[in-house]
Amino acid sequence: MRLLRSIALFVLASTLAGCATTVMEVKQKGPDPMHVAMYGPHPDERFPLPAMDISKVNPKYFRQQVAYQTMEPPGTIVVDTQERFLYLVQGDGMAMRYGIGVGKAGLEFEGAARIGRKAEWPRWTPTQNMIAREPERNLKWAGGMEPGLTNPLGPRALYLYKDGNDTLFRIHGTSEPWSIGKAVSSGCIRLFNQDIIDLYGRVPTGSRVVVLQHHTPVDEPGPMAASDGLVPPAAI
(Lines give C-alpha, C1' and ligand atoms only; values in the text may rest on other atoms or scores of the structure.)
Protein backbone atom coordinates (compact mmCIF):
# COMPACT_ATOMS: atom_id res chain seq x y z
CA MET A 1 0.00 0.00 0.00
CA ARG A 2 2.80 2.41 0.87
CA LEU A 3 4.41 1.74 -2.49
CA LEU A 4 1.14 2.33 -4.35
CA ARG A 5 0.56 5.59 -2.42
CA SER A 6 4.05 6.80 -3.35
CA ILE A 7 3.47 6.01 -7.02
CA ALA A 8 0.12 7.86 -6.99
CA LEU A 9 1.69 10.93 -5.39
CA PHE A 10 4.49 10.92 -7.97
CA VAL A 11 2.02 10.68 -10.87
CA LEU A 12 -0.08 13.54 -9.40
CA ALA A 13 2.99 15.78 -8.94
CA SER A 14 4.13 15.08 -12.50
CA THR A 15 0.67 15.94 -13.86
CA LEU A 16 0.57 19.24 -11.96
CA ALA A 17 4.08 20.14 -13.14
CA GLY A 18 3.02 19.44 -16.72
CA CYS A 19 0.03 21.74 -16.32
CA ALA A 20 2.21 24.53 -14.93
CA THR A 21 4.61 24.19 -17.85
CA THR A 22 1.74 24.39 -20.33
CA VAL A 23 0.45 27.60 -18.76
CA MET A 24 3.90 29.20 -19.04
CA GLU A 25 4.18 28.23 -22.72
CA VAL A 26 0.89 29.83 -23.82
CA LYS A 27 1.56 33.13 -22.08
CA GLN A 28 1.68 35.87 -24.72
CA LYS A 29 4.59 38.28 -24.90
CA GLY A 30 3.63 41.95 -25.16
CA PRO A 31 5.35 44.75 -27.13
CA ASP A 32 8.90 45.65 -26.16
CA PRO A 33 8.67 48.38 -23.47
CA MET A 34 11.48 50.25 -25.22
CA HIS A 35 9.43 50.50 -28.41
CA VAL A 36 6.28 51.39 -26.48
CA ALA A 37 8.15 54.35 -24.94
CA MET A 38 9.81 55.28 -28.26
CA TYR A 39 6.46 55.59 -29.99
CA GLY A 40 4.56 56.97 -27.04
CA PRO A 41 2.58 60.24 -26.90
CA HIS A 42 4.04 63.73 -27.26
CA PRO A 43 1.57 65.77 -25.19
CA ASP A 44 3.64 68.97 -25.31
CA GLU A 45 3.45 69.33 -29.10
CA ARG A 46 1.49 72.20 -30.67
CA PHE A 47 -1.05 69.51 -31.57
CA PRO A 48 -0.69 66.83 -28.85
CA LEU A 49 0.52 63.71 -30.60
CA PRO A 50 -1.04 60.43 -29.39
CA ALA A 51 0.88 57.21 -28.92
CA MET A 52 1.20 55.05 -32.01
CA ASP A 53 -0.25 51.56 -32.11
CA ILE A 54 2.85 49.44 -32.74
CA SER A 55 1.17 46.05 -32.38
CA LYS A 56 1.05 45.46 -36.15
CA VAL A 57 4.33 47.12 -37.13
CA ASN A 58 7.16 44.94 -38.44
CA PRO A 59 9.95 45.51 -35.84
CA LYS A 60 12.52 46.09 -38.60
CA TYR A 61 10.90 49.47 -39.29
CA PHE A 62 11.34 50.72 -35.74
CA ARG A 63 14.01 53.37 -35.17
CA GLN A 64 17.29 51.66 -34.28
CA GLN A 65 21.05 52.03 -34.46
CA VAL A 66 22.62 49.66 -36.99
CA ALA A 67 25.95 48.90 -38.62
CA TYR A 68 26.16 50.80 -41.91
CA GLN A 69 29.11 51.18 -44.26
CA THR A 70 29.15 54.27 -46.49
CA MET A 71 31.53 56.84 -47.93
CA GLU A 72 29.24 59.62 -46.71
CA PRO A 73 30.39 61.65 -43.70
CA PRO A 74 28.57 61.71 -40.35
CA GLY A 75 25.45 63.86 -40.44
CA THR A 76 24.47 62.78 -43.96
CA ILE A 77 21.00 61.38 -44.57
CA VAL A 78 20.93 58.45 -46.98
CA VAL A 79 17.49 57.40 -48.25
CA ASP A 80 17.27 53.89 -49.70
CA THR A 81 13.89 53.88 -51.42
CA GLN A 82 14.22 50.28 -52.58
CA GLU A 83 14.84 48.88 -49.10
CA ARG A 84 12.42 51.39 -47.43
CA PHE A 85 14.99 52.72 -44.97
CA LEU A 86 16.45 56.13 -44.17
CA TYR A 87 19.91 56.22 -42.56
CA LEU A 88 21.42 59.07 -40.58
CA VAL A 89 25.15 58.41 -40.80
CA GLN A 90 26.85 58.55 -37.39
CA GLY A 91 30.40 57.49 -38.18
CA ASP A 92 32.46 54.50 -37.00
CA GLY A 93 30.42 52.28 -39.31
CA MET A 94 27.13 53.04 -37.57
CA ALA A 95 23.91 54.84 -38.48
CA MET A 96 20.49 55.55 -37.02
CA ARG A 97 17.99 53.74 -39.22
CA TYR A 98 14.34 54.70 -39.73
CA GLY A 99 11.61 52.84 -41.61
CA ILE A 100 10.06 54.86 -44.45
CA GLY A 101 7.13 54.87 -46.82
CA VAL A 102 7.86 56.04 -50.36
CA GLY A 103 5.37 58.14 -52.34
CA LYS A 104 5.25 58.55 -56.11
CA ALA A 105 7.45 61.65 -55.97
CA GLY A 106 9.97 59.79 -53.83
CA LEU A 107 10.29 57.13 -56.51
CA GLU A 108 11.00 59.78 -59.18
CA PHE A 109 13.82 61.45 -57.27
CA GLU A 110 17.46 60.42 -57.25
CA GLY A 111 20.71 62.14 -56.32
CA ALA A 112 22.02 64.53 -53.69
CA ALA A 113 20.71 67.76 -52.22
CA ARG A 114 20.72 69.77 -49.00
CA ILE A 115 18.10 70.49 -46.40
CA GLY A 116 17.22 74.06 -47.34
CA ARG A 117 14.40 74.53 -44.84
CA LYS A 118 12.92 72.84 -41.79
CA ALA A 119 9.36 73.32 -40.55
CA GLU A 120 7.42 72.27 -37.46
CA TRP A 121 3.77 71.41 -38.09
CA PRO A 122 3.97 72.57 -41.73
CA ARG A 123 1.12 73.63 -43.96
CA TRP A 124 0.47 71.29 -46.92
CA THR A 125 -0.62 72.23 -50.43
CA PRO A 126 -1.08 69.52 -53.09
CA THR A 127 0.54 70.11 -56.46
CA GLN A 128 -1.46 70.27 -59.68
CA ASN A 129 -0.23 66.77 -60.55
CA MET A 130 -1.56 65.42 -57.26
CA ILE A 131 -4.91 67.12 -57.80
CA ALA A 132 -5.15 65.72 -61.33
CA ARG A 133 -4.22 62.23 -60.14
CA GLU A 134 -6.61 62.13 -57.17
CA PRO A 135 -9.10 65.00 -57.53
CA GLU A 136 -11.65 63.50 -55.15
CA ARG A 137 -9.04 63.48 -52.40
CA ASN A 138 -6.92 66.56 -53.11
CA LEU A 139 -8.99 69.18 -54.98
CA LYS A 140 -10.59 70.51 -51.80
CA TRP A 141 -7.11 71.31 -50.45
CA ALA A 142 -5.96 73.27 -53.51
CA GLY A 143 -5.71 76.35 -51.30
CA GLY A 144 -3.68 74.49 -48.68
CA MET A 145 -4.35 72.47 -45.54
CA GLU A 146 -3.64 73.91 -42.13
CA PRO A 147 -1.25 72.04 -39.81
CA GLY A 148 -2.72 69.34 -37.60
CA LEU A 149 -2.90 65.63 -36.87
CA THR A 150 -4.59 64.88 -40.20
CA ASN A 151 -2.14 66.94 -42.29
CA PRO A 152 -0.26 64.59 -44.69
CA LEU A 153 3.12 66.12 -43.76
CA GLY A 154 2.69 65.32 -40.08
CA PRO A 155 4.48 67.24 -37.32
CA ARG A 156 7.74 68.00 -39.15
CA ALA A 157 9.07 68.41 -42.68
CA LEU A 158 12.54 68.72 -44.20
CA TYR A 159 12.62 70.55 -47.55
CA LEU A 160 15.34 69.63 -50.02
CA TYR A 161 17.03 72.29 -52.13
CA LYS A 162 19.58 72.18 -54.94
CA ASP A 163 21.53 75.25 -56.06
CA GLY A 164 19.28 77.36 -53.89
CA ASN A 165 16.09 76.08 -55.54
CA ASP A 166 13.31 74.05 -53.94
CA THR A 167 13.25 70.58 -55.50
CA LEU A 168 9.69 69.94 -54.19
CA PHE A 169 11.10 66.85 -52.46
CA ARG A 170 10.29 66.49 -48.76
CA ILE A 171 11.07 64.16 -45.89
CA HIS A 172 8.11 64.32 -43.55
CA GLY A 173 5.81 62.59 -41.09
CA THR A 174 2.54 60.91 -41.96
CA SER A 175 -1.06 60.65 -40.86
CA GLU A 176 -1.02 57.09 -42.30
CA PRO A 177 1.44 55.01 -40.23
CA TRP A 178 0.30 51.84 -42.02
CA SER A 179 2.11 53.13 -45.12
CA ILE A 180 5.61 52.75 -43.62
CA GLY A 181 7.46 50.05 -45.54
CA LYS A 182 5.24 50.49 -48.59
CA ALA A 183 5.13 52.43 -51.86
CA VAL A 184 2.05 54.65 -51.92
CA SER A 185 0.31 56.89 -54.46
CA SER A 186 1.46 60.29 -53.23
CA GLY A 187 4.02 62.04 -51.09
CA CYS A 188 7.80 61.88 -50.96
CA ILE A 189 9.58 60.13 -48.08
CA ARG A 190 7.42 59.62 -44.99
CA LEU A 191 8.40 58.47 -41.51
CA PHE A 192 6.41 57.62 -38.40
CA ASN A 193 5.51 60.90 -36.70
CA GLN A 194 7.65 60.08 -33.67
CA ASP A 195 10.56 59.28 -35.99
CA ILE A 196 10.41 62.50 -38.00
CA ILE A 197 10.40 64.44 -34.73
CA ASP A 198 13.53 62.54 -33.70
CA LEU A 199 15.27 63.03 -37.06
CA TYR A 200 14.29 66.72 -37.19
CA GLY A 201 16.06 67.28 -33.88
CA ARG A 202 19.26 65.59 -35.07
CA VAL A 203 19.90 67.34 -38.42
CA PRO A 204 20.53 71.07 -39.02
CA THR A 205 19.63 73.09 -42.09
CA GLY A 206 22.26 72.53 -44.77
CA SER A 207 22.68 68.81 -44.08
CA ARG A 208 23.48 66.65 -47.11
CA VAL A 209 20.82 64.19 -48.29
CA VAL A 210 21.47 61.37 -50.77
CA VAL A 211 18.55 59.47 -52.31
CA LEU A 212 19.25 56.03 -53.76
CA GLN A 213 16.79 54.37 -56.12
CA HIS A 214 18.63 51.32 -57.48
CA HIS A 215 21.69 51.09 -55.26
CA THR A 216 23.65 53.35 -57.60
CA PRO A 217 27.01 54.63 -56.30
CA VAL A 218 26.85 57.98 -54.52
CA ASP A 219 29.12 60.89 -55.35
CA GLU A 220 32.01 61.71 -53.11
CA PRO A 221 30.86 63.96 -50.24
CA GLY A 222 31.13 67.64 -51.00
CA PRO A 223 29.24 70.78 -52.06
CA MET A 224 26.29 70.29 -54.37
CA ALA A 225 27.01 70.69 -58.05
CA ALA A 226 25.34 69.97 -61.36
CA SER A 227 26.81 66.46 -61.23
CA ASP A 228 24.68 65.67 -58.17
CA GLY A 229 22.10 64.37 -60.64
CA LEU A 230 19.05 65.39 -58.61
CA VAL A 231 15.89 65.11 -60.67
CA PRO A 232 12.95 67.28 -59.49
CA PRO A 233 9.88 65.13 -58.80
CA ALA A 234 6.56 65.55 -60.55
CA ALA A 235 4.64 65.97 -57.30
CA ILE A 236 5.00 66.09 -53.54
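**Sheet architecture and nonpolar cores**

In the predicted model, strand S6, spanning residues 111-120, pairs with strand S7, spanning residues 156-162, in the antiparallel sense over six bridges. Within the sheet, isoleucine 115 stands opposite leucine 160 of S7. Helix H6, formed by residues 193-202, packs on the sheet, where it touches strand S2 (77-80), strand S3 (85-91), strand S4 (94-99), S6, S7 and strand S8 (165-172), and the direction of H6 makes about 50° with that of S7.

The sheet to which these strands belong is open and comprises 10 strands in the order S1-S4-S3-S2-S10-S6-S7-S8-S9-S5, with mixed pairing. Its edges are formed by strand S1 (64-67) and strand S5 (101-102), each of which pairs on one side only.

In soluble globular proteins, nonpolar side chains tend to be buried together. In the present model, the largest nonpolar core contains 23 residues, and those with the most contacts inside this core are Ile77, Val79, Leu86, Ile171, Ile189, Leu191 and Leu199. At least two residues of this core are supplied by each of S2, S3, S4, S6, S7, S8, H6 and strand S10 (208-212), with H6 giving the most, namely three residues.

When residues up to four places away in sequence are not counted, leucine 191 touches Leu86, Tyr98, Gly99, Ile100, Ile171, His172, Gly173, Thr174, Ile180, Ile196 and Leu199.

Definitions and conventions: Residues numbered from 1 in each chain as written. Predicted model: local features only at pLDDT ≥ 70, side-chain atom pairs only at ≥ 80, totals over all residues. Heavy atoms only, no water. Pairing = 2+ DSSP bridges. Helix = DSSP H or I, 4+ residues; strand = E, 2+ residues; numbered from the N terminus. Contact = heavy atoms within 4.5 Å. Axes fitted to C-alpha atoms, helices over the stretch in contact; angles between N-to-C directions. Core = buried A, V, L, I, M, F, W, Y, C linked by side-chain atoms within 4.5 Å. Buried < 20%, exposed > 50% of the residue type's maximum accessible area, 1.4 Å probe, protein only.
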